[in-house]
Amino acid sequence: MRIVQGNNQYLGAPVNRIKIMGNWASRSLVESPDLSYGEKFINLGRHFLFKFVLFSTDVVFYTSKVAQFFGRKQNVEDDMEASIKKFAGDMGFEVNHSVFEGNSSMLT
């Protein structure tokens with residue numbers, strides 16, 4: 001996951017492979033032929049909930065992109081990096097910048 005995030009950050013390409021895989025996994029639970037109609041119905045409700053959550057994260061992402069375009073915010077990757085550093089600092093850790101570049105040395 002961190003490698004994909006690092007590649008996206010380096011290349012400037014916000015391809016969300018996790019979202020694509022999650023969509024197919026959620027959809028397969030609804031379309032699975034070996035489930036009963038009741039299980040499919042329950043999974044359909046879960047699939048709609050999953051799609052709603054994904055839609056919500058897309059709205060946040062694109063709102064952030066618009067704010068970044070107008071110079072009001074950093075990009076999403078920088079926001080995530082700052083949040084992780086703050087969280088780790090609150091826990092008593094100091095995070096190297098190399099963590100966000102996909103390198104193996106994580107904490108100092």
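**Close-up 1. Glu31 and Arg27 sit four residues apart in helix 2, about one helical turn from each other.** Their side chains meet in a salt bridge, with 2.9 Å from N to O. The term salt bridge is used for a side-chain nitrogen of Lys or Arg within 4 Å of a carboxyl oxygen of Asp or Glu. Helices here are DSSP runs (H or I, at least four residues), numbered from the N terminus. Glu31 is partly exposed at a relative accessible area of 47%, and Arg27 is partly exposed too, at 37%. For these words, buried means under 20% relative accessible area, exposed over 50%, and partly exposed in between (1.4 Å probe, protein chains only). This is a predicted model, where local features need pLDDT of at least 70, side-chain atom pairs count only at pLDDT 80 or more, and totals for chains, interfaces and linings use all residues. Residues are numbered from 1 along each chain as its sequence is written, and side-chain values use heavy atoms, leaving out hydrogens and water.

**Close-up 2. Asp58 and Lys19 join in a salt bridge, 2.3 Å from N to O.** Asp58 belongs to helix 3 (residues 37-69) and Lys19 to helix 2 (residues 17-31), so this pair ties together parts that are 39 residues apart in sequence. Asp58 is partly exposed, with a relative accessible area of 22%; Lys19 is partly exposed as well, at 21%.

**Close-up 3. Lys86 forms a salt bridge with Asp90.** Their closest N and O atoms are 3.4 Å apart. Both lie in helix 4 (residues 76-90), four residues apart, which means about one helical turn separates them. Lys86 is exposed, at 56% relative accessible area, and Asp90 is exposed at 57%. The structure holds three salt bridges.

Notes
Helices (H or I, at least four residues) and strands (E, at least two) are DSSP runs, numbered from the N terminus.
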